[in-house]
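Please keep the sequence and the coordinates open while reading.

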Amino acid sequence: MTVNEVLELVKNKGVEAIDFRFMDFPGLWQHFTIPASGLDEGTFRDGLGFDGSSMRGWKGIQESDMLVVPDPTTSWIDPFPKLKTLVLICDIKDPVTHESYSRDPRNIARKAEAYLRTTGIGDQAFIGPEAEFFIFDDIRFDQNEHSGYYFLDSIEGRWNTGSDEGPNLGYKPRYKEGYFPVPPTDKFNDLRNEMMMNLINCGLEIECQHHEVATAGQAEIDIKYNTLLAAADGLMTYKYIVKNTAHQHGKTVTFMPKPVWNDNGSGMHMHLSIWKDGVNQFAGDGYAGMSETALHAIGGILQHAPALVALTNPTTNSYKRLVPGFEAPTRLAYSSRNRSAAVRIPVGATSDAARRFEFRCPDPSCNPYLAFSALVMAALDGIKSKTDPGLPLDKDLYDLPAEQLADVPSTPATLEDALVELEQDHEFLLAGDVFTADTIRAWIQYKREREVDQLRLRPHPYEFALYYDI
């Protein structure tokens, strides 16, 4: 939409409020609202001021004034507020220079798209994220000086087979056997359908919805691939709509990668292809129908994956899922069909237009603007450097003999390890000034001080089981 089209929409649809959304540094949407009468052409040109020092990982108090500038192409009607509300996703700019803010995740995604065009390799990068999540009925948690715990519950939780639910009707998915059951075992089909329709009504294209592998309401709703920036905008809209649809029904949704021990965690496979002049640059006559360009892109992602996961798997909880030998792919290899490899080439992608590969390590806790940008930058670096991905591994990597497995590199074991890798390997992100050195430093510092160190300081409940009687 253009600015004039947005203003006409506000007028013709009886919009009463305008909600400005923007992304903080770690990856949560923020917002504020104005009456619809306050929106005019000048808003899209001059923006609106706010306190940037109150945003995590952003400005200091001495330079706190910043601007949100709405992007008219992102507008949609929010189905949840009582007032009829139009959402506009915004960019962050300096109020004095009006320059884009280097730590604004959306600005980084814009620069990644612009850099792609300057390379001559392509003019569009298409990304299709497959975000998984859990639907719970209850979640309680606390951590203080004398206790630490969490309790979660789900009507679908296998642990509730013996609960007195007045009456307990059974049909609770077994651990690791929740993939595609029909109702009544799948108790959330209607809720996921409602989520799907809300997503469609807000402008997103949906491919399918289904129950996922884990017990306790694990779900997946696949949104159609899009260009980098639009895909990141779409994923944030997706998370907002899924959470609020569940909330309306007295449920809670989490995109936390590993909320349930001893069952599958929630990943977010990222499908990638690069196009130029309407032609898919990944289609070719090489392995699995891929081009040399695509194989070099895979080489770049595998080479930089230890650093890349600091952005695509950015939480301490991410590495409870990325454990060798369990459900998530941790071995840095590529293959056709093989879901145990970090990079998989889907065999169903038989037409040139559908040729792509997926990076299977990421999870939905990531900031999509940063994660998608980093993925594309790693692929471009591989293409420019003609990085050899090596030979494909078409065997089940979980069952490889130890001596063969030793030759296959793996993802880092912890967030701290991933941050060390990012510290040592981030030149590929600085190309074209897409990520700045300041942004990388700020990310590493924030994650260490606010997450890694904070977890390190606190006793874990299981440590009492292991060590209390020492």
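What follows covers the backbone, the aromatic rings, a surface patch and one arginine.

This is a predicted model, in which local features need pLDDT of at least 70 and side-chain atom pairs count only at pLDDT 80 or more, while totals for chains, interfaces and linings use all residues. Residues are numbered from 1 along each chain as its sequence is written, and side-chain values use heavy atoms, with hydrogens and water left out.

**Backbone geometry**

- Most residues other than glycine have a negative phi, and most peptide bonds are trans.
- G166 and P167 are joined by a cis peptide bond with omega about 0 degrees, and P167 belongs to the loop between β9 (148-153) and α4 (189-201); here helices (H or I, at least four residues) and strands (E, at least two) are DSSP runs, numbered from the N terminus.
- A cis peptide bond with omega about 10 degrees also joins P183 and P184, and P184 is placed in the loop between β9 and α4.
- H98, although not a glycine, has a positive phi of about 65 degrees; H98 lies in the loop between β6 (85-93) and α3 (105-119) and is partly exposed, with a relative accessible area of 30% (buried means under 20% relative accessible area, exposed over 50%, and partly exposed in between, with a 1.4 Å probe and protein chains only).
- A288, which is not a glycine, has a positive phi of about 55 degrees; A288 is located in the loop between β15 (279-280) and α6 (292-312) and counts as partly exposed at 25% relative accessibility.

**Aromatic rings**

- The whole structure holds 17 aromatic pairs, where rings of Phe, Tyr and Trp (its six-membered ring) pair if their centres lie within 6.5 Å, and planes under 30 degrees apart count as stacked, over 60 as edge-to-face and the rest as tilted.
- In the pair of F80 and Y240, the ring centres are 5.8 Å apart and the planes stand at 75 degrees, so the pair is edge-to-face.
- Because F80 lies in the loop between β5 (76-78) and β6 and Y240 in helix α5 (residues 228-248), this pair ties together parts that are 160 residues apart in sequence.
- Y149 and F151 form a tilted pair, with 5.4 Å from centre to centre and 45 degrees between the planes; Y149 is partly exposed at 34%, and F151 is partly exposed at 45%.
- W29, W76, F80 and Y240 are linked into a cluster by ring pairs, and R21 lies over the face of Y240, at 4.1 Å from the ring centre (a charge sits over a ring if NZ of Lys or CZ of Arg is within 6 Å of the ring centre and within 35 degrees of the ring normal).
- K239 is placed over the face of F255, at 5.1 Å from the ring centre.

**Surface**

- I139 in strand β8 (residues 138-143) is partly exposed at 35% relative accessibility.

**A buried arginine**

- R360, in the loop between β18 (357-359) and α8 (368-385), is buried, with a relative accessible area of 7%.
- The side chain of R360 makes polar contacts with the side chains of H269, at 3.4 Å, and of E358, at 2.9 Å; a polar contact is a pair of N or O atoms within 3.5 Å, and within protein one must be able to donate a hydrogen and the other to accept it, while residues adjacent in sequence count only if both atoms are side-chain atoms.
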